[in-house]
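The sequence and structure come before the details.

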Amino acid sequence: MRPRVVATALVCASLGLLGAAPDTGAAPPLPARMADTGGGTQLITAEAPRAGSTSGTLTWWDLRNGRWTPAGSTPARFGTKGLVEGASRRQGTNTTPTGLYDLPYAFGVQPAPRGTSYAYRPVRESSWWCQDIKSRAYNRWTEPRPADCRAAESEHLLAYRAQYAYALVIGFNYHKPVRGRGAGIFLHVNGRGATAGCVSVSAGAMRALLSWARPWRRPHLAIGTTDGRTAITRY
């Protein structure tokens, strides 16, 4: 029996020389496990433990030399009613839409943080986000508010000085709006609690994100849960 033991050892040694590496058990980084990351070299992930959660973690990532590495991470808040599949979300449900979205532009009550390269719109007294499903300006920034966009069905952006100190528009239902699916979904500064459907983080985290994000690197935001039907890895 002794010669068989020696032969086995020689085979194992040969595999080692050929480059067979032991299994370390380390999971690939989250973006590497996702179905899609938007095709760019920057990514933001907003992950909640489950669909009913109102808090989770937001992480921003860089793709360098073919590997995703985290550039920063912070606690995040979601809608008061948790998260729901973006394709089936309804307006007014206080849910955060899951999915993978682009980030069209930034805006804020405060001046753009140093290093910001995104297009950045200052919030003025005349700045509104139209959420009126009957308006031609549905799910759009307007200055001033058009006559067919009712104030009661829209957001006067300056009224949310803390939340909209710094913000990024999330491309949910933005490019080809479906009326009634939802409007005014942003990544913005924390308020007092959970959001009405947006994703929020601390003011310091928003400043860091705006200084980090580079539009020519095509950053996207993926929103989802750890597992289940709305798992972030599905997007």
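A charge counts as sitting over a ring if NZ of Lys or CZ of Arg is within 6 Å of the ring centre and within 35 degrees of the ring normal. By that rule, Arg140 lies over the face of Tyr174, at 4.0 Å from the ring centre. Arg145 is placed over the face of Trp128, at 4.9 Å from the ring centre.

The model is predicted: local features need pLDDT of at least 70, side-chain atom pairs count only at pLDDT 80 or more, and totals for chains, interfaces and linings use all residues. Residues are numbered from 1 along each chain as its sequence is written, and side-chain values use heavy atoms, with hydrogens and water left out.

The structure holds 9 aromatic pairs. Rings of Phe, Tyr and Trp (its six-membered ring) pair if their centres lie within 6.5 Å; planes under 30 degrees apart are stacked, over 60 edge-to-face, and the rest tilted.

| Pair | Centre distance | Plane angle | Class |
|---|---|---|---|
| Phe107, Trp141 | 5.4 Å | 75 degrees | edge-to-face |
| Phe107, Tyr164 | 5.6 Å | 70 degrees | edge-to-face |

Phe107 in strand E6 (residues 106–108) and Trp141 in strand E9 (residues 140–142) are 34 residues apart; strands are DSSP runs of at least two residues, numbered from the N terminus. Tyr164 lies in the loop between strands E10 (154–156) and E11 (167–169), so its pair with Phe107 ties together parts 57 residues apart in sequence. Both Phe107 and Trp141 are buried, meaning under 20% relative accessible area with a 1.4 Å probe, protein chains only. Tyr164 is buried as well.

Technical notes: Helices (H or I, at least four residues) and strands (E, at least two) are DSSP runs, numbered from the N terminus. Buried means under 20% relative accessible area, exposed over 50%, partly exposed in between (1.4 Å probe, protein chains only).
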